[in-house]
Amino acid sequence: MIRDKSGNKAGKKKQLDLPKGVIAVAPPSFRRERALIKRGVWPVAGCDEAGRGPLAGPVVAAAVVLDPKRIPKGIDDSKRLSAERREELFEEICATASFSVACASPARIDRDNILRASLWALKRAVESLPEAPRHVFVDGRDRLDTACDCDAVIGGDGIVVSIAAASIIAKVTRDRLMCALAEECPGYGFESHKGYSVPEHLEALDRLGPSMHHRSFFAPVVAAREKHQPWTVKREADLFDPVQAVPLISAAE
């Protein structure tokens, strides 16, 4: 029986009073994984990546199989957590779960494009797990070409706790890598912005030009290459320029 503060019966459970304009967001749950366990499907992995949007550094993918009896409290979409909380949960997940990490380098991103490189890294992370999973949940729209069943979950890092755990592993791993690259390539500020296109990074690109860790075909990097390394930028022939134009039909002799 629910009663109010005065001890009287209450017809409905009182809702939490939230500040105006604030929307309560439910944390990710283990519901989908538990449903598969009840059907005898195990291990079940969640996977996610970090670093699709930056101008520099790798895409880092992670796959995680949580221990149903030892799921760390507070796991959430890495974007909802502070850097300090991500670090704490990273250590807890590593201590209690099975996981693997894979990286797609800037060179692979340049060669394959960012989407294909990300999917490649995600698949490799799944395949590198100590025990092959029987089912995989992946964040996003694209299913992975894995040997086991795979479900793509849009917004999965905020819905499926295994995906959320993978998002934390991927994010913390990538942030640490970018701090290491900052020591190798000082001046770009990788340790603070982690390669994203913030004003500080764009100013450094314009001043220093691209490093070996930048993604060559992202627009701001192309602009910096044109300024500092113009010989690396392939230009298409201008068909309206009589000097560059190539005749389509040879003149008769």
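**Stop 1: helix H8.** Start by selecting Ala219 and Lys227, which are exposed on one side of helix H8. Exposed means over 50% relative accessible area, buried means under 20%, and partly exposed is in between, using a 1.4 Å probe and protein chains only. Helices here are DSSP runs of H or I with at least four residues, strands are runs of E with at least two, and both are numbered from the N terminus.

Now select the rest of H8, residues 219-228, and look for its buried residues: Val221, Ala224 and Arg225. They cover an arc of only 105° around the axis, so they sit on the same side of H8. That arc is taken from the directions between the helix axis and the C-beta atoms. Contact means heavy atoms within 4.5 Å.

A word about what you are viewing: this is a predicted model, in which local features need pLDDT of at least 70 and side-chain atom pairs count only at pLDDT 80 or more, while totals for chains, interfaces and linings use all residues. Residues are numbered from 1 along each chain as its sequence is written, and side-chain values use heavy atoms, with hydrogens and water left out.

**Stop 2: the whole chain.** Zoom out and colour by secondary structure. The chain has eight helices and five strands, and along the sequence they follow the pattern α-β-β-α-β-α-α-β-β-α-α-α-α. Of its 253 residues, 41% count as buried.

**Stop 3: the sheet.** Select the five strands, which form an open sheet with mixed pairing in the order E3-E2-E1-E4-E5. Strand E3 (98-104) and strand E5 (149-153) stand at the edges with a single partner strand each, so one side of each has no neighbour in the sheet. From one strand to the next, the twist averages 20°. Two strands pair if DSSP finds at least two bridges between them.

Next, show strand E1 (residues 44-50) and strand E2 (residues 59-65), which run antiparallel and are joined by five bridges. Which residue in E2 is the bridge partner of Glu49? Select Ala61 to see that partner.

Then bring in helix H1 (residues 31-38), which lies across E1, strand E4 (135-139) and E5, running at about 165° to E4. Axes are lines fitted to C-alpha atoms, for helices over the stretch in contact, and angles run from 0 to 180 degrees between N-to-C directions.

**Stop 4: a cis bond.** Select Pro43, in the loop between H1 and E1. The peptide bond from Trp42 to Pro43 is cis, with omega near 5°.

**Stop 5: two positive phi values.** Go to Asn113, in the loop between helix H3 (106-112) and helix H4 (114-127). Its phi is near 90°, a positive value in a residue other than glycine. Asn113 is partly exposed, at 36% relative accessibility.

Lys194 is in the loop between helix H6 (190-193) and H7. Lys194 is not a glycine, yet its phi is positive, about 60°. Is Lys194 buried or exposed? Lys194 is buried, with a relative accessible area of 14%.

**Stop 6: the aromatic pair.** Finish with the one aromatic pair found in a search of the whole structure. The ring centres of Tyr188 and Phe190 are 5.4 Å apart and their planes are at 10°, so the pair is stacked. Rings of Phe, Tyr and Trp (its six-membered ring) pair if their centres lie within 6.5 Å; planes under 30 degrees apart count as stacked, over 60 as edge-to-face and the rest as tilted. Tyr188 is buried at 7% relative accessible area, and Phe190 is buried at 0%.
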